[in-house]
Amino acid sequence: MATPAIRMFRGLEGLFCVYKPSGVHWKLTRDSIETKLLKGLNVAPVEPLPQEVRFLPQPDSETEAPKGLALSAAWLPVLSKHHLVTGPEFQHIRVGVGHRLDAFSSGVLVLAVGNGNKALQDLYSSRVTRDYTLEGEFGTATDDFSHTGRVVERSTYGHITQDKLDRVLAMLQGANKKALLMYSNVDMRSQEAYEMAVQGLLGPEGKSEPILTGLRCIHFQPPNFTLEVQCLNETQKYLRKVVHEIGLELRSTAVCKGVRRTRDGPFTLQDALTHHHWTASDVMRAIRQYHSSKKKQKRSHAQIKDPGLQPPDENTTASQN
């Protein structure tokens, strides 16, 4: 029979996401969540101790002459099963980490508990894209493309306009779309390529170079600017380098002041649990919500493929009555 802690653990198996703050290593984030989940599991209500029959001497027999030892049967708790003797029921749980964020990046970090680790592998084998916002600043170049690196060059930026920036972004996006088609290993004139493009499944087979599937400027106030990026197989260092290369294309320099992931596959910032909600109950609620949204998505896809599965319209039902 499953204990309350085991039943709670079964409710924790699945995928969820948290918000990783900047300046914190992803391993520290994972370890902190593991600790809090273990604490939540081990404070679950404890079942009553099992009882066993013990033969004890009768109280009256101690004062009388011991002609023979008189025993009586009694039900007593098995103290060897007490949690203070056996220790915590859960001493380790496996929390898997999806596409990682480096220490200086923030945003959505997808995690998995228990059998959710297999779902995590399936998720990333389906060519999911990720969204980022990149904060950039013109006029400076550093050795690691970030604003905290060693400054190697300074330049002017007064000649840069948003129109010029948009043209450079369009050029970069066009070059990356060609790379996407090249790595997809699909005949672009085939029906298969068309259907994959409609469903958003067009992507590289296996590992490839980082590919930007979308790139646009959402804020421009020199020297500062903000980019919105959709990409595949990226690293945060590569995204900082993109900001650096944009500065060079505009005959200036640029550094990346911040990298924030806003979406990882189906998970967005709205789904991400902040530090104060890294508890077993909140994680369980988030996993339940993900399972519910996944079922709704499957149902909607089934209705699109077979319109006959759609529920009858209210007017049709009324006319039949």
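Biologist: Thanks! How many aromatic pairs does the structure hold?
Modeller: There are 3 aromatic pairs. Rings of Phe, Tyr and Trp (its six-membered ring) pair if their centres lie within 6.5 Å; planes under 30 degrees apart count as stacked, over 60 as edge-to-face and the rest as tilted. Before we go on, this is a predicted model, where local features need pLDDT of at least 70 and side-chain atom pairs count only at pLDDT 80 or more, while totals for chains, interfaces and linings use all residues. Residues are numbered from 1 along each chain as its sequence is written, and side-chain values use heavy atoms, with hydrogens and water left out.

Biologist: Got it. Why is the pair of phenylalanine 138 and phenylalanine 225 called stacked?
Modeller: Their ring centres are 4.3 Å apart and the planes sit at 25°, so the pair counts as stacked. Phenylalanine 138 is in strand 6 (residues 130–138) and phenylalanine 225 in strand 10 (residues 224–232), so the pair ties together parts 87 residues apart in sequence. Strands here are DSSP runs (E, at least two residues) and helices are too (H or I, at least four), numbered from the N terminus.

Biologist: Switching topic: where is glycine 247?
Modeller: Glycine 247 is in helix 7, and it is buried with a relative accessible area of 0%.

Biologist: Which residues does glycine 247 touch?
Modeller: Leaving out residues up to four places away in sequence, glycine 247 touches Phe138, Ser252, Thr253 and Ala254. Contact means heavy atoms within 4.5 Å.

Biologist: Last one: which strand is joined to strand 1 by bridges?
Modeller: Strand 5 (residues 105–113), through 7 bridges, and the two run antiparallel. Two strands pair if DSSP finds at least two bridges between them. Leucine 15 has alanine 112 in strand 5 as its bridge partner. In strand 1 (residues 14–20), 6 of the 7 residues are buried, so the strand is largely enclosed by the rest of the structure.

Notes. Buried < 20%, exposed > 50% of the residue type's maximum accessible area, 1.4 Å probe, protein only.
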